[in-house]
Amino acid sequence: MATMARKVRDLERQVKAQTDEMLSKDRKIRALEELVETLQEHKGQMSQQRQEELEAMCTQLQQQISEMERFLGDYGLQWVGEPMDEEDSEDITGSENDKRDWMTAKKFWKPGDSLVPPEVDFDRLLASLKDLSELVDSDTQVMPIPGGAKLHVLEPIPLKVYRNGIMMFDGPFRPFHDPSTQHCLRDIMDGFFPSELQRLYPDGVPFKVSDLRNQVYPESGLDPFPGEGRVVGWQRIRKPSVTMEHPGSRMTPEKFLNRLPKFVIRQGEVIDIRGPIRNTLQNCCPWPVPIQEIVVETPALAAERERNQESPESPAPPLSMLRIKSENGEQAFLLMMRPEDTVGDVRALLAQARAVDANTFEIFSTFPPTVYHEDSLTLQAAGLVPNAALLLRASRALPPAP
């Protein structure tokens, strides 16, 4: 009996739900019938309103087409549409002569038409370069090396903008009428890094722009004579503007490389100049030992790495970047610390990274000359925030107390 009573209650609930649903559908049907009657009564008014909406839509589309044509015109493009059929052309033009005139009057797109014209908008170009430089995350990047990592400083690319062209890196000069220069400018004005730099800088690179739009770069390709000018029977006319090396003076490989351009652009491709020559000189010439930069793992560095992974948009806390050079100058330890960390914390991290006793070395700075003996002194109080360059030396015995 209990089971039957439960089933009866369930059936009653289902019947009630179905009844409510039928009533709801009846109300919707009545509402639709009323809507149909209303539409039939105001059919004439709706037709007039629809016509006005179509006219407004036509006006809006014509305005959009005009704006698109102006936009394409800024980049040297022209909208030509699709060729009309013969019947449509006869209806519109009325004759084959009109059709031929329409075909000859239109200018179809050809490769090269969309390049930036020589008349460059310098304000827009400089603004685009500034925006691209701001997109680069940081000028210092962590690069993995065998056994650790080091900080790689991303140097900005020097870019000089003249009235008749640009000069990237140390040259050569690239006039505006050159196709590769126009491709480069088009990428910049469209908000992209130049495609010719993608191989060397896949993540982008900042630009160091020199605004020389009021100067015309001489395109003769001849540099001024670097020597002294003399005339027979006269005294010296002009002194050399650049100090020249004496024939017997010794030039180090580093000085020789600094006189070469870093990169050269040929036919839209960036060619590294110093890299292959550096590798060749290392095999035949004495080369100074490079400073090995070692990133020391600190609690502040671990916390900053975790913050960048979990919430990269959150504001970065105040930090102190320390660069501490070893006693022999062959190593540089990079430490990311918090302002409340102490000199003792820095000493302990250095001792752990170097696998030595913390009492065997001293931390000091040259300007002002200061030796940091007090381990309880915070970096904020010691003036080592936000960054500082320090040195290490062997511990010296303190003079006996009087």
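## Report on a predicted chain of helices and strands

At 71% relative accessibility, Ala 355 counts as exposed. Ala 355 lies in the loop that joins helix 10 (343-354) to strand 12 (361-366). Its phi is positive, at about 55 degrees, although the residue is not a glycine. The model described here is predicted.

**Overall composition**

The chain contains 10 helices and 14 strands. Of its 402 residues, 24% count as buried. Among contacts with a separation of 6 or more, 59% are accounted for by residues 24 or more positions apart.

**Backbone features in loops**

Most residues other than glycine have a negative phi, and most peptide bonds are trans. Phe 169 belongs to the loop between strand 4 (165-168) and strand 5 (173-175). With a relative accessibility of 7%, Phe 169 counts as buried, whereas Ala 355 counts as exposed.

The peptide bond from Val 385 to Pro 386 is cis, and its omega is near 5 degrees. Pro 386 is placed in the loop that runs between strand 13 (369-371) and strand 14 (387-394).

**The crossing of helix 5 and helix 6**

Helix 5 (residues 122-135) and helix 6 (residues 179-189) have axes that come within 9 Å and cross at roughly 65 degrees. Angles of 65 to 115 degrees count as roughly perpendicular, and the two helices are therefore roughly perpendicular to each other. The crossing of helix 5 past helix 6 is left-handed. On the side of helix 5, the contact is made by Arg 124, Leu 125, Ser 128, Leu 129 and Leu 132; on the side of helix 6, by Leu 185, Ile 188 and Met 189. By class, the residues of this contact comprise six nonpolar, one polar and one charged.

Leu 129, in helix 5, is buried, with a relative accessible area of 0%. Leaving aside residues up to four places away in sequence, Leu 129 touches Ile 188 together with Leu 159, Phe 207 and Val 209. Leu 129 and Leu 159 are 30 residues apart along the chain, and their C-alpha atoms are separated by 9.6 Å.

**Surroundings of Tyr 201**

Tyr 201 is found in the loop between helix 6 and strand 6 (207-212). Its relative accessible area is 17%, and Tyr 201 is buried. Residues up to four places away in sequence not being counted, Tyr 201 touches Leu 154, Ile 157, Phe 169 and Phe 263. Tyr 201 and Leu 154 are 47 residues apart in sequence, and the distance from C-alpha to C-alpha is 9.6 Å.

Ile 324 is found in strand 10 (residues 320-325) and counts as buried at 0% relative accessibility. Apart from its neighbours within four places in sequence, Ile 324 is in contact with Gln 331, Ala 332, Phe 333, Leu 335, Val 346, Leu 350, Leu 390, Leu 391 and Leu 392. The C-alpha atoms of Ile 324 and Leu 392 are separated by 7.0 Å, although the two residues are 68 residues apart along the chain.

Glu 304 has its place in helix 9 (residues 299-310). At 12% relative accessibility, Glu 304 counts as buried. Not counting residues up to four places away in sequence, Glu 304 touches Ala 316, Pro 317, Leu 319 and Met 336.

**Cysteines**

The count of disulfides comes to zero. Cys 58 counts as partly exposed, at 46% relative accessibility, while Cys 184 counts as buried, at 2%.

**Summary of accessibility**

The following table collects values for selected residues.

| Residue | Relative accessibility | Class |
|---|---|---|
| Cys 58 | 46% | partly exposed |
| Leu 129 | 0% | buried |
| Phe 169 | 7% | buried |
| Cys 184 | 2% | buried |
| Tyr 201 | 17% | buried |
| Glu 304 | 12% | buried |
| Ile 324 | 0% | buried |
| Ala 355 | 71% | exposed |

Conventions: Residues numbered from 1 in each chain as written. Predicted model: local features only at pLDDT ≥ 70, side-chain atom pairs only at ≥ 80, totals over all residues. Heavy atoms only, no water. Disulfide = S-S within 2.5 Å. Buried < 20%, exposed > 50% of the residue type's maximum accessible area, 1.4 Å probe, protein only. Axes fitted to C-alpha atoms, helices over the stretch in contact; angles between N-to-C directions. Helix = DSSP H or I, 4+ residues; strand = E, 2+ residues; numbered from the N terminus. Parallel < 35°, antiparallel > 145°, perpendicular 65-115°, else oblique. Left-handed = near helix turned anticlockwise from the far one by under 90°. Contact = heavy atoms within 4.5 Å. Nonpolar A, V, L, I, M, F, W, Y, C, P; charged D, E, K, R; others polar.
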